[in-house]
Amino acid sequence: MPETVAAPNARQSLAQLGTTPLFPKGKACFPSTGQSDVKALYEELLATYTQLSDEVPDHPFSNPILRLAVTISRRFARGMLSFSDVEQLIQYLSADGFLRRGACQAAYLGELDPEANIARLRARFRTLALPDGATAPVTFERFRRSVEQEVFGIVITAHPTFNLSGDLMHALAAVTTGRNAEGKPLTTEDHRALVDTILHSEHRPDENISLAREHELSMEAIGNIQKALRRVYALVIEVGREFYGDKADALTPRLITIASWVGYDLDGRSDIRWSDMLHKRLRIQAVQLRSYLDEVRDIRSLGAGHEDLRNTMDLLESRLALAFNEVTDQLGVFENADPASTDGFEAVRRISKRMFENRELSLVDAAPLVEKVQAASRHLEGVDADTARELRSRLATLRAELANYGLGMAHTHVRINSTQVHNAIRKRVGLDGTPEDPRFRQTLMNAVSELLDKVEPVSINFGSLIAENTSAKRLFMVVAQMLKYIDGSQPVRFLIAECESAFTLLTALYYARLFGVDDRLDISPLFETENALRDGSKLIDQLLENPHYRAYVEKRGRLCVQTGFSDAGRYLGQTVACASIERLRGRLWRVMQKHGLKNVQLVMFDTHGESIGRGRHPVSFPERLSYIATPTVLAEIAEAGIPYKQEVSFQGGDGYQYFVTEDGALAVVTQILDYILTPKKVEPDPFYDNGDYIREFFTTVKAFQDSLMEDANYGAVLSAFGTNLLWPSGSRSVKRQHDNTGEKIDFAHPRQLRAIPHNATLIQLGLTANCISGVGEAIERDPEHFIELYNTSTRFRQLMGIVEYGFAISNCEALGAYVETLNPDHWLSRSAHARNLNRAEAMRRLSGHLENSGLYERQLGIYRRLHLDYIKLRDGLRRAHGEKAGGAGVLVEPEARAQLAIQHALRIALIHELYLLAMQVPEFSSQHGITLSSLIARTLHLDIQSVVAQLQQIFPALVDATAAIDFGERASYVSDDTQSYNQENLKLFAPMKGLYALIRRLTTANMHIAGFLG
């Protein structure tokens, strides 16, 4: 047997590094000219940083991160350190952080051994049949109700957190699980290959991430979740047989649903055509039909020799194959067709005609397949006992998959913005302004109710989609065509972002009825703003007073609500957002109770991501689940007798990371089922008894966050380097914040920045303000009460865990160093002591450009506010923890904090060098409004790629094509048009690009230690 190695121990391999370059010459921005001992260099920088930090009490005006950056910069200037050395060091730090990240993720997930997780699930399902303390099993019907209900939903989204290449995602999964792609424990050889991949790969996302790539990755994740659920279904049936015998063969386990909005989310983007949405939906149908085909063939092979079974499976296979071929043909058209073009229009017309005429060839309902599988299970007479047992399990599991997934890999969620819904009906009801306007609110409600009184369904075809220009109506039509031609057996969720009015949801219901989809469409508001979280329950209350909406909810059997941890956290602060959503959840079930809704399930879809700024608790997976859906609220809902389903999102690359392997997916599914199926009871917690203090505490935090978000100077902090510090991490275009050609940059207002780049930028600047700022001020108002509540309340400590972790990965000295980098006086003072006269002159020029920019002054006041609150928070946490470090902050080791500080210093030093290179760019005449000053202004904001591209056009590295041709006589004349700027390209522009690449690699290194993008 080969020796196996625990993956987290891969970090030990870094201790054995020699001096061989980690980046091969072909990949390096600054190819190594010799050998570099990166470990020795790191130890030297660490010792310097430690010394500088120790000196701070005696030199309180010094900043150890900035001083280390200046030290590194001086070593560059004196030839004591090369860019090549630093490039190799960054690669070492990235690899070390990557391995640290894998170890942290392993600890976060908990048990990763698949057999141990299967045993845990078996025990949990046995408890459903035989509860703790019971002497006899519950009735079969009660067990059936327990396992056939939907209690949890996994929703896959395409948020832009794709921060690792596909190869590195698989490498991180191997580090996390200690297993290879086949699920086998890593051997010594696997271990070496894994470390080699990590050491010699550029730590960055895939280039040019497209929606198609995101969709492909989402299908890989969903596929592994399905594999985990297949084992769950088989286990349920196995346990059912143990207690109830052959009755268990009739079970159709549900428990967890899978949904996806990848390719169907139109909120904030206009680049997804309706034909793209249909293509994505057909794609996941094709993959699922292929999966069913493979399983049917395996089952037929297992039951070979039994004619009745074989005949039934042959019929099932032929029906699936016919449908698969039809879907494949449809895919070929919608993949490339642009309905707006003449050729695309004709292609859509032809396939539309074929789809209509060949409706009987396509599968649009899984029910006939379920019946055939059920029939097959009745043809097992004469099969030996062991084979029959396996066949029953496989057939029952396949039946469950067909019932749960229908004809797709996952349920479909579409999303649109409330404004788009309003625009669709504006003319019909005379909407002028917003429906929230109290002057017209009731009039508009009456108008849409009258439309609902009279609405009759209309028929549409694909031509209707081509002709329709209104986004909302077109989306309803897309849903109608999906249900008509792709899968009519599974419901579609219709999510409406920024929903703050009952009018919006009634309008959606009107269009759902108009296009004949209201019986299979679940309309859901997204509550994410302060107003929506405060008044969301009132909005639902108002809707349930409307007879149309109440009848719709009762018919559907569910009331669906989505909350947004991300944007709510950005506006309110993350702890305030979570507490607000908890209160909303409690108010919603009481509204349902008030209206006496019978047999209506409350479905809460909490949209949160993998960062603390987006609502993921950092301690563990069980803590993540209870942070969102607290045991107290779940117990209250259960006691009220209201059916409840919890849904959460796994967003983009960071979210898919758990599902890169089947073992990872099984670990997540096990944690979810163990938490959600464990009976909850209301436990006394001082958090719920200290309403006045909690209200004032969170109001203080919210007021601080509000003032930040309304302060244009906070926008200057975010925009100074902004998204230029980040790699593109998704298909959604990020509007460049510094895309003008003037000599001063117009800063984006904080509210204009999307949540993920907002959070990611804060992490890269060294201060997670959206998670921690304002908490220090709140603690200071009554520190004794804070300490008492922290020590006695489980829920309060849990909420503070986000703050503690955010504080642990923050360093106000890092933010101060970035701000100081833009201080004109910093450069003027350095120029006075520079040994190199050319370098001193460049510093003075840089000082002048910064003086004109006003960057420094705009950030200084915000920095002081953040710094003061950071100090208050530090002191408050120290008092709460006592002498020992405590809370979620202990997850970030002191070594990791020191490494983060050194990485910030390295990046600041590289920014300094990049700035000084830019000061050497020669003057040139204005070209299309582009001046040297405008390019330098953009360089100060690290808009390097476009700046260098323009400089290379202005100063081309040309070669005279005629110089080497024999014309019979020699020429010494060189035309101005063929003058080459090779030296400028070689000594300025190429190094500027290289330094910028290193700056962004350090972004990834920082992200590895934090554990997420943003």
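This is a predicted model: local features need pLDDT of at least 70, side-chain atom pairs count only at pLDDT 80 or more; totals for chains, interfaces and linings use all residues.
**Entry 1: starting at one strand**

I began with Leu526, which stands opposite Gln562 in β6.

**Entry 2: the neighbours of β6**

How many bridges join β5 to β6? I found 2 of them, between residues 521-527 and residues 558-564, and the two strands run parallel. On to β7: 7 bridges join β6 to β7, again running parallel. Val561, for example, has Met604 as its bridge partner in β7. Strands count as paired if DSSP finds at least two bridges between them.

Is β6 mostly covered or mostly open? It is mostly covered, with 7 of its 7 residues buried. Buried means under 20% relative accessible area, exposed means over 50%, and partly exposed lies in between (1.4 Å probe, protein chains only). I checked both faces of β6: Arg558, Cys560, Gln562 and Gly564 are buried on one side, and Leu559, Val561 and Thr563 on the other.

**Entry 3: stepping back to the barrel**

Zooming out, I saw that 8 strands make a closed barrel in the order β1-β2-β3-β4-β5-β6-β7-β8, with parallel pairing. From one strand to the next, the twist averages 25°. Helix α18 (residues 471-485) lies across β3 (411-417), β4 (492-497) and β5, and runs at about 170° to β3. For such angles, axes are lines fitted to C-alpha atoms (for helices, over the stretch in contact), and values run from 0 to 180 degrees between N-to-C directions.

**Entry 4: salt bridges**

Side chains of opposite charge can pair when their charged atoms come close. The rule I used: a side-chain nitrogen of Lys or Arg within 4 Å of a carboxyl oxygen of Asp or Glu. By this rule, the count comes to 65 salt bridges.

- Glu202 and Arg1001 meet through their side chains, at 3.1 Å from N to O. Glu202 is in the loop between α8 and α9 and Arg1001 is in helix α42 (residues 982-1010), so the pair ties together parts that are 799 residues apart in sequence. Glu202 is partly exposed at 25%, whereas Arg1001 is buried at 3%.
- Lys702 forms a salt bridge with Glu530, with the closest N and O atoms 3.1 Å apart. This pair links helix α28 (residues 691-710), which holds Lys702, to helix α20 (residues 530-545), which holds Glu530, across 172 residues. Glu530 is partly exposed, at 31% relative accessibility.
- Asp606 forms a salt bridge with Arg585, with the closest N and O atoms 2.9 Å apart.

Which residues other than glycine did I look up for positive phi? Asn208 has a phi near 50°, and Leu942 has one of about 65°. Asn208 is in the loop between α8 (188-200) and α9 (211-244), and is exposed at 74%. Leu942 is in the loop between α40 (932-940) and α41 (944-954), and is buried at 0%.

**Entry 5: leucine and valine at the surface**

Val619, Val890 and Leu891 form a nonpolar patch on the surface, with about 210 Å² of accessible area together. Patches take residues with over 30% relative accessible area and no salt bridge, joining like charges within 9 Å and nonpolar side chains (Val, Leu, Ile, Met, Phe, Trp, Tyr) within 5 Å. The areas come from the Shrake-Rupley method with a 1.4 Å probe, and for residues only the protein chains shown count as cover. Val619 is in the loop between β7 (601-607) and α24 (621-628), and is partly exposed at 35%.

Last, I visited Leu828 in helix α36 (residues 824-833). Leu828 is partly exposed, at 42%. Leaving out residues up to four places away in sequence, Leu828 touches Arg844 and Ser847, where contact means heavy atoms within 4.5 Å. Gly848 is 20 residues from Leu828 in sequence and 8.8 Å away in space, C-alpha to C-alpha.

Methods:
Residues are numbered from 1 along each chain as its sequence is written. Side-chain values use heavy atoms; hydrogens and water are left out. Helices (H or I, at least four residues) and strands (E, at least two) are DSSP runs, numbered from the N terminus.
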